[in-house]
Amino acid sequence: MGDRENSLIKLQDLASFLDEGSFDDNMQQLAAIAARVLNAENCSLMLLTESEDEAAGGDDMCLRVCGSCGSLPAAAYKENTRTGEGIAGRVVATGKALFIEDIERSEFAQWARRANDPRKSLLSSPIAINGKTIGVINISGHRQARSFTKDDLSLLEVVALFVGKAIQVVQLQNILRSRFTQMALMQFAEKDIGGALECAVANPDQVARILAKSFYKEMTRAGFGSSQIINAASEIVGQLSVSLSRHSKRIEQQTAG
């Protein structure tokens, strides 16, 4: 059986992907499955999110790594890539997949992460949901020590379609599990749950703000004072810090392994 047939069989893993655990864990699983399909050692998933750069007004969108397979420095999860910047930024800006035969001889040489790896080719494709680009999937390091080809790029574009659908399923299922989220979105969308769900998938940053406002209003209505609300917010930040710390340690262990 040839590589192409094997890859098509492996696509079944993406087609039947069901989320279990946290969103971070789901993204790690998707990256690992995508890497297997492309017979690659390294895969990273990057999603668009609102920039935290106050100098930019906080309105610009940037890419952040949300899942990976293979050797990716833990620090990469803290990096922001703006639209048009680097390989992933170019893919988002153009909405087109990108094949680079030799990263060190390309215009993107300054963004090369693995200088000691003799395999210099890499692939990058946009991830879309309902025709809107939400992120990028990057592939490098073929396991057979060969260069990727344009045929591999075509396969990655198919994989990106499955990844986009899988992310959509994860987001929708997470929303449907939370009654608080459902109520907040329904209030925002004036009882149009279909429009609310579409909003959630297309713009998760906006949904996060909606939930934050709803959380504040509900606690106020329940009679909690400012100090109690601040304590609740601090608890959320504390839980997030613990989760991020665990996730970072997992990445470092995978990198070391």
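How many bridges join strand E1 to strand E6, and do they run parallel or antiparallel? I looked this up first.

**Entry: ground rules.** I am working on a predicted model, in which local features need pLDDT of at least 70, side-chain atom pairs count only at pLDDT 80 or more, and totals for chains, interfaces and linings use all residues. Residues are numbered from 1 along each chain as its sequence is written, and side-chain values use heavy atoms, with hydrogens and water left out.

**Entry: the sheet.** I find 7 bridges between E1 (residues 40–50) and E6 (residues 132–142), and the two strands run antiparallel. Strands here are DSSP runs (E, at least two residues), helices likewise (H or I, at least four), numbered from the N terminus; two strands pair if DSSP finds at least two bridges between them. Within this pair, Ala40 stands opposite His142. I then traced the sheet: 6 strands in the order E3-E2-E1-E6-E5-E4, open, with antiparallel pairing. Its edges are E3 (81–82) and E4 (98–100), each of which pairs on one side only. Helix H2 (residues 23–37) packs on the sheet and touches E1, E2 (61–69) and E6. Contact means heavy atoms within 4.5 Å. I read about 70 degrees between the directions of H2 and E2, taken from lines fitted to C-alpha atoms (for helices over the stretch in contact), on a scale from 0 to 180 degrees between N-to-C directions.

**Entry: the chain.** I count 8 helices and 6 strands. Of 257 residues, 40% are buried, meaning under 20% relative accessible area with a 1.4 Å probe, protein chains only.

**Entry: cores.** I looked for nonpolar cores, that is, sets of buried Ala, Val, Leu, Ile, Met, Phe, Trp, Tyr and Cys residues joined through side-chain atoms within 4.5 Å. The largest has 29 residues, of which Leu38, Leu45, Ile137 and Ile167 touch the most other members. H2, E1, E2, E5 (122–129), E6 and H4 (150–177) each supply at least two residues, and H4 gives the most, with 8. Leaving out residues up to four places away in sequence, Ile167 touches Met27, Leu30, Leu47, Ile127, Ile129 and Ile134. I also note a second, separate core of 17 residues, including Ala76, Ala88, Val92 and Phe108.

**Entry: Asp117.** I located Asp117 in the loop between E4 and E5. Is Asp117 buried or exposed? Asp117 counts as buried because its relative accessibility is 12%. A polar atom of its side chain lies 2.9 Å from the backbone nitrogen of Arg119.

Conventions. Buried means under 20% relative accessible area, exposed over 50%, partly exposed in between (1.4 Å probe, protein chains only). A polar contact is a pair of N or O atoms within 3.5 Å; within protein, one must be able to donate a hydrogen and the other to accept it, and residues adjacent in sequence count only if both atoms are side-chain atoms.
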